[in-house]
Amino acid sequence: MARRTPHLGRTAGAAAHPQRPGADRTGRRGGLPGRVALIRESAPTITLVGLPDQAVSEARERVRAAVRNAGLPFPAARITVNLAPADLRKEGPLYDLPIALGLLAAQDLLPAAALAGTLVAGELALDGSLRPISGAVNLALLAAQLGLPALLPLGNAPEAALIEGVPVFGASTLAEAARHLGGSHPLPVTPPPEAQVPDDTLLDLADLKGQSGARRALEIAVAGGHNLLMVGSPGSGKTMLARRAPGLLPPLTRAEALEVTRIHSAAGLLASRGRLNLGAPFRAPHHTVSDAGLIGGGGVPRPGEVSLAHRGLLFLDEFPEFSRKALETLRQPLEDGTVVISRARATVQYPARFQLIAAMNPCPCGHLGDPEKACVCTPSERMRYAARLSGPLLDRIDLTVRVPRLTVEELTRAPEPEPSAPVRSRVAAARERMLDRQGGRNADLGGQALRQHAPLAAGPEGFARAAAKQLGLTGRGYDRLLRVARTVADLAGSSEIREAHLAEAVTYRPRDLGTG
């Protein structure tokens, strides 16, 4: 008897429902442009294509549960979601809401045109509620470039509304988002949040007695945006001074605050989503931070500490204890104000115009030059400790100041310290002079702009050249000397740089750190 071979080329469903030209597998013409590309009668599954990461791949379960718990139909079919372009890796949970809404549109429960004319992003919880995502400000900027409104989770709507000219709608659930796009219950446009001025809870300089030289160096550094290195024994007050520096800074402008907000939003570290924070950021990573954590990077590049400190302060305590490689990566952002992270598939550039404040001990044991405790380090140990900071890195630091440890008698005899308020007023007045003259901080002056806004008369120029020769300054070091002198003059209310201003600036140039 001859055996009969079953026909495997066509299923019963395909024979009963042949596909019409110009229609998708659901029998409708056109199909849905964008997320959901194909629905076929099969076992109910969702397939994601387009290089999704683990968080995106898990959207299948979140979307299925959210749609059903929102009381919306979930098709008993095989669903293919195409995340174009196919060669760009997708990461994060922000695709949940677009996938769910695309699925509803594929069932004719939503108009496809409403999805095509709206930028949508959001993470779904299993119960159908929407959770905030990272990078909402940058998504709003993309919506502004495309000329589209933005539909985001309610928790992200205020920060996205910071971008002017973009209608932002905030939904708390998937059902709300669907009703908004369907036109039955439109959501109100989220108003832009108010600006939040820096609070009064910042640490005050009145807490620190003595150390007049270090306090003066900190004032100059903050006024001009200069990098500062403090060298002193443990307990001398270096960390106390650094943590009080934010209280001396003037508020950020709206444009500067928006730059900071974009970076912190992309990193998922935005503290206040409801207001634009005008306070300058202050970052103080531990010395065990990785290179990628400090400079930025990772498989999917993310901003590091230098970018999170953009327009603010980066404090590195125990400066030589950071890895040599991590410290050397600071050289480019200290000079250029940007960080470029190159990967095989993409190159990302982050802003990193920060002010560095660093602190270190004078030697490994920490007691070199201490009036009460003798140093037990050998000369070779001191040299190796100081050599952890390379010459090119030190050449990018404008001010170096010694912070001696004061005895109990010296602390009790010290006069009452000046609080932060008058220092902040002097810093603000100096910043105003800089802005009126050149439109920015003295630390950012370079090239022809430095020669134009920090000219020297014959006498001060001769003094500066002699000091540069004696200190062995490089061209970069000489320019930094002029910038610091320009800031000293601005704090004094002088339009000209005099020899006294240069002489004070010379005292802050770095010397041999291993000699005490």
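Is Arg465 buried or exposed? Arg465 is exposed, at a relative accessible area of 52% (buried is under 20%, exposed over 50%, partly exposed in between, with a 1.4 Å probe and protein chains only).

1. This is a predicted model, in which local features need pLDDT of at least 70, side-chain atom pairs count only at pLDDT 80 or more, and totals for chains, interfaces and linings use all residues. Residues are numbered from 1 along each chain as its sequence is written, and side-chain values use heavy atoms, without hydrogens and water.

2. Arg465 pairs with Glu461 in a salt bridge, with the closest N and O atoms 3.1 Å apart (a side-chain nitrogen of Lys or Arg within 4 Å of a carboxyl oxygen of Asp or Glu). Both belong to helix α21 (residues 458-471), 4 residues apart, so about one helical turn separates them (helices are DSSP runs of H or I, at least four residues, and strands runs of E, at least two, numbered from the N terminus). Glu461 is partly exposed, at 28%.

3. The count of salt bridges is 30. Arg396 and Glu335 form one of 3.5 Å, N to O. Arg396 lies in the loop between α17 (391-394) and β19 (399-403) and Glu335 in helix α15 (residues 331-336), so the pair ties together parts 61 residues apart in sequence. Arg396 is buried, at 8%, and Glu335 partly exposed, at 36%. Both belong to a salt-bridge network that also includes Asp395, Asp398, Arg476, Arg480 and Arg509.

4. Asp479 and Arg451 form a salt bridge, with the closest N and O atoms 3.0 Å apart. Asp479 is buried, at 15% relative accessibility, and Arg451 is partly exposed, at 42%.
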